[in-house]
Amino acid sequence: MSLVKWFRKNNTKIMAVVVIVLMIGFIGGSALTYLLRGRGAMGSTVATVAGKKITNSDLLQARQELELLRMVGADELLRAQGLQGVFLAELLFSGGRGSAPSLIGQIRQAVRRNMYAISDKQIDDIYKHTLPPSAYWYCLKNEAARAGIGIRNSEVGSILGRSIPQLFNGQTYSQVIGSIINKQRIPENQILATTGQLLSVLQYCQITCSTGGLTRRQVQNEVAIDQESLDIGYMPFDANTFVDPNAPAPSEEQLAQQFDKYRNFLAGIVTDE
């Protein structure tokens, strides 16, 4: 087949290719440049932590994971896990907006009540967010993983199965997770794995705090509790001293009434009765 006949036979395809090339050259050139620039920006390094580079793509994924965790009520689940859970939730999910004054007041009361070495300034610093929450989340989940802490998806499913009805006004696990799967197109295993990473971070925080150094006030408090004792003084009284020698002996009926009244009380147990 000659070249002329080939052109005549495929002229439609050739024209389509020419049109596409012209569109890229005259219209899509700037857009293509922008897309390539964007791809490079997503892959560019924004920070280095423990020798590992963090890119914009990493932070985007971390931000999406935090949104997913919020969908399953993980922020409220953390706040029910004690002071460490509250701190972690405020760091990751408050978004720098601060929290309710009542919650901050409760945090400060818990700190003073338990004599934790935490100042008001350190509590306020949680809400300054010198970095976005996605950066904290990225670093924390990787640090927990390096420490070898992980939770199986089956365990995470059991935890969510118990907590979701309390967090979502009686909705079941299937309803909440099924809605996320249908609307967000996120597999269940990914939901469980991401939630497991958050619970692993909480466990890592608890282990780290439990092995931290005690302050002098905390040591003194622990020693005072261990060495606490009571000095008990008592004086025995003979019951015959209080008996009227001229009083008649109780009748059989009175003895039976006394017995029936106290028959269910064991010797040595003092009650209001």
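**Figure 1. Surface and overall make-up of the predicted chain.** The accessible surface of the chain comes to about 19,700 Å², and carbon and sulfur atoms account for 56% of that area. Accessible areas come from the Shrake-Rupley method with a 1.4 Å probe, and for residues only the protein chains shown count as cover. The model is predicted: local features need pLDDT of at least 70, side-chain atom pairs count only at pLDDT 80 or more, and totals for chains, interfaces and linings use all residues. Residues are numbered from 1 along each chain as its sequence is written, and side-chain values use heavy atoms, with hydrogens and water left out. The chain contains 14 helices and two strands; helices (H or I, at least four residues) and strands (E, at least two) are DSSP runs, numbered from the N terminus. Of the 273 residues in the chain, 25% are buried. Buried means under 20% relative accessible area, exposed means over 50%, and partly exposed lies in between (1.4 Å probe, protein chains only). Among contacts (heavy atoms within 4.5 Å) between residues at least 6 apart in sequence, 65% join residues at least 24 apart.

**Figure 2. Helix H6, residues 82-93.** Nine of the twelve residues of H6 are buried, so the helix is mostly covered. Among them are Leu83, Val86, Phe87, Leu88, Glu90 and Phe93. The expected span of a helix is 1.5 Å times one less than its number of residues. For H6 this gives 16 Å, which agrees with the 16 Å between its end C-alpha atoms.

**Figure 3. The salt bridge of Asp75 and Arg79.** A salt bridge is a side-chain nitrogen of Lys or Arg within 4 Å of a carboxyl oxygen of Asp or Glu, and the structure holds nine of them. The closest N and O atoms of Asp75 and Arg79 are 3.9 Å apart. Because they lie four residues apart in helix H5 (residues 74-79), Asp75 and Arg79 are separated by about one helical turn. Asp75 counts as buried because its relative accessibility is 10%, whereas Arg79, at 24%, counts as partly exposed. Both residues belong to a network of salt bridges that also links Arg70, Glu76 and Glu90.

**Figure 4. Two further salt bridges, Arg108 with Asp120 and Glu155 with Arg152.** The side chains of Arg108 and Asp120 meet at 3.7 Å, N to O. This pair links distant parts of the chain, with Arg108 in helix H7 (residues 101-113) and Asp120 in helix H8 (residues 120-125), twelve residues apart. Arg108 is partly exposed at 24% relative accessibility, and Asp120 is partly exposed at 32%. In the other pair, the closest N and O atoms of Glu155 and Arg152 are 2.9 Å apart. Glu155 is partly exposed at 34% relative accessibility, whereas Arg152 is exposed at 55%.

**Figure 5. The largest nonpolar core and the surroundings of Trp137.** A nonpolar core is a set of buried Ala, Val, Leu, Ile, Met, Phe, Trp, Tyr and Cys residues joined through side-chain atoms within 4.5 Å. The largest one has 37 residues, and Leu88, Leu92, Phe93, Trp137 and Leu198 have the most contacts inside it. Elements that give two or more residues to this core include H6, helix H9 (133-146) and helix H12 (188-210). H12 provides the largest share, eight residues. Not counting residues up to four places away in sequence, Trp137 touches residues including Ala62, Leu66, Leu92, Leu198 and Val201. A second, separate core has eleven residues, including Val86, Leu103, Ile107 and Ala110.
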